[in-house]
Structure formats: C-alpha cells, structure tokens
Amino acid sequence: MNTDPIADYLTRIRNAIRAKHRVVEIPASNIKKEITKVLYDKGYIQNYKFDDSTPQGIIKIALKYNPVTKQPAIVDLQRISRPGLRQYRGADQLPRILNGLGVAIISTSKGVMTDKEAKTLNVGGEVLCYVY
C-alpha cells in the first residue's frame, strides 16, 4: 500500500532520468494522468500512453533528452503538498519557480494546471509539485 501515490510517481520519473531510461511505466490514476498531460504540454516529456490492459492501468512515459548533450529536459521534480501537510495557495499567492523558468503544478477546482494558467483563470488550489 502506498500512502502518497503522487510522490511515488515523481520518484519513478526521477529515478528513470538518473538511470538514463527512455521509457518509464507507472501505475495509473486520474491525478497522475492529468499531471502527465501537463508535463507533456509544457515539453518536459517526449510522449505518453495510457494502457488500460490491467485493472488499474499503466502510464508509459517516454522521457525527453537533448539529442546533442544527452541532458534530460527535467532537471528536478519536487513534491510540495503531501498527505501530512497539504499546501494550498490562493491565486495571488501562487509561487514562481526559478523566476518563471520552472512550473508549479496546481490541482484546482477547474482541474490540474500550471501556476501560470491558474493565475490567468484567477483560481487557487493545492500545490502538488515543482518541475524545472
């Protein structure tokens, strides 16, 4: 039993990047699928596929690397809100990551989105993680 599935998701991606894997498989859930879509839209991962052949389902993520330097597109993933201490922010208090170069993924009432999208829609929510 896993008490924090989002932290497990981020750790699997972090470990796959450090091991220079091309593809990582992660057990699926709706929130993980939404985070994966945000990572793809912002260009941090190359591609993804939702495989529903098992009862829970699997997310297959193709990681993105620079073709010349072989450096990963994701430098770091940080879990912010956790089950023991939830972090909620209003629309005016959303953080800027690396002076706007990184992304904070926010779970709002209008769905999972980045901090910039939440500011334009003027909604706050739970700060799930930072990606840069």
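Here is a short chat about the sheet and some salt bridges in this predicted model.

Biologist: What are the ground rules for numbering and confidence?
Modeller: Residues count from 1 along each chain as its sequence is written, and side-chain values use heavy atoms, with hydrogens and water left out. As the model is predicted, side-chain atom pairs count only at pLDDT 80 or more, totals for chains, interfaces and linings use all residues, and local features need pLDDT of at least 70.

Biologist: What is the strand order in the open sheet of three strands?
Modeller: Strands here are DSSP E runs of at least two residues, and helices are H or I runs of at least four, numbered from the N terminus. Two strands pair if DSSP finds at least two bridges between them. The edge strands, pairing on one side only, are β1 (23-27) and β2 (45-51). With antiparallel pairing, the order reads β1-β3-β2.

Biologist: Which residue in β3 is the bridge partner of Asp-51?
Modeller: β2 and β3 (residues 58-63) run antiparallel, joined by six bridges. For Asp-51, the partner in β3 is Ile-58.

Biologist: Asp-4 forms a salt bridge with Arg-79, but how far apart are the closest N and O atoms?
Modeller: A salt bridge needs a side-chain nitrogen of Lys or Arg within 4 Å of a carboxyl oxygen of Asp or Glu. Asp-4 sits in the segment before α1 and Arg-79 in strand β4 (residues 77-79), 75 residues apart. Their closest N and O atoms are separated by 3.0 Å.

Biologist: Is Arg-79 buried or exposed, and at what relative accessibility?
Modeller: Buried means under 20% relative accessible area, exposed over 50%, and partly exposed in between (1.4 Å probe, protein chains only). Arg-79 therefore counts as buried, at 19%.
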